[in-house]
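Let's take a walk through a protein model and look at how some of its side chains meet. Keep the structure open while you read.

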Amino acid sequence: MNISNTPNTSSTITGFILLGFPCSREEQILLFVLFSVIYLLTLMGNGSIICAVRWDQRLHTPMYILLANFSFLEIWYVTSTVPNMLANFLSDTKVISFSGCFLQFYFFFSLGSTECFFLAIMAFDRYLAICWPLHYPTIMTGRLCTNLVISCWVFGFLWFLIPIIIISQMSFCGSRIIDHFLCDPGPLLALTCTRAPAIELTSSTLSSLLLFIPFFFIVVSYALVLRAVLRVPSAAGRRKAFSTCGSHLAVVSLFYGSVMVMYVSPTSEREAGMQKMVTLFYSVITPLINPIIYSLRNKDMKHAMKTLLRT
């Protein structure tokens, strides 16, 4: 790719350079092997949850149907970044096309948005199951569960659509080098020919709303769950109620804790190295850990996984 330092419109740009993790050739190969293993383990772990829910009749309940959909989402979420990152480890130019960059930008943020919505409806499901156990089967029907899943995907893929389209139409100047392993709005906006404070504010506002609205919903749901559990007279009953929520709370903490560091604070206040490490954690490491959390803390899932492994 011919890199020019003169201003160009987006229509004349042939691509960007993703620096990724600059290091020696030998270290690049080691990183390639490491992340290849992580990627395969992530696919296997989340795929196992999907298969377990599909084949074990006892798991055909809203809680596990939502979990299977969440695992399906995690597979695509990690796939939106890792294969290109692996290719970059072995590439000398590390070039990503203009269209490829913005496609990755769109799918990465759309899948991340969908994950926020999924975490919220999974908290809602636990609230209904614990606070309204007698009414739960009539409220959380298969039709409602399906509608909630579809809504998560639709809202997730529409949330950042307009800002991404607007950014893709902007003019980019300079080296077009993105000091990241994926196409992220912060580094991309830094390459525009003119500052776009309105777009930066819109992106930050949408990110904040996306994070805090579902997060507030999750907090309220679990506050009500906690109040209901504390009213349970037996210690065994309280432990059982908490065990059904523990896995989800752990996943929420891992995801939201890292994402809020990235997208709530102003772009200029984060160093490139910090951006890469935090993004790596919630986009690659968290999808790897999630199946382990759900499998270790859930007796029904552990039994289904053991049955699946024996077949």
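Is Arg25 buried, partly exposed or exposed? Arg25 is partly exposed, with a relative accessible area of 40%. Here, buried means under 20% relative accessible area, exposed means over 50%, and partly exposed is in between (1.4 Å probe, protein chains only).

Before we go on, a word on the model: it is predicted, so local features need pLDDT of at least 70 and side-chain atom pairs count only at pLDDT 80 or more, while totals for chains, interfaces and linings use all residues. Residues are numbered from 1 along each chain as its sequence is written, and side-chain values use heavy atoms, with hydrogens and water left out.

Back to Arg25. Its side chain meets that of Asp92 in a salt bridge, at 3.8 Å from N to O. The term means a side-chain nitrogen of Lys or Arg within 4 Å of a carboxyl oxygen of Asp or Glu. The two partners are 67 residues apart: Arg25 is in helix 1 (residues 25-55), and Asp92 is in the loop between helix 3 (82-89) and strand 2 (95-97). Helices (H or I, at least four residues) and strands (E, at least two) are DSSP runs, numbered from the N terminus. Asp92 is exposed, at 72%.

The structure has four salt bridges by this rule. Another one joins Asp179 and Lys276, with the closest N and O atoms 2.8 Å apart. Asp179 lies in the loop between strand 3 and helix 8 (185-190) and Lys276 in helix 11 (residues 272-296), so this pair ties together parts 97 residues apart in sequence. Asp179 is partly exposed at 31%, whereas Lys276 is buried at 7%.

Stay with Lys276 for a moment. Its charged end also sits over the ring of Phe21, 5.8 Å from the centre. For that, NZ of Lys or CZ of Arg must be within 6 Å of the ring centre and within 35 degrees of the ring normal.

Now for rings meeting rings. There are 30 aromatic pairs in the structure. Rings of Phe, Tyr and Trp (its six-membered ring) pair if their centres lie within 6.5 Å; planes under 30 degrees apart are stacked, over 60 edge-to-face, and the rest tilted. One of the pairs is Phe98 with Phe172, edge-to-face at 6.5 Å centre to centre and 70° between the planes. Phe98 is in helix 4 (residues 98-131), while Phe172 is in the loop between helix 7 (161-168) and strand 3 (177-178), 74 residues away. Phe98 is buried at 16%, and Phe172 is buried at 0%.
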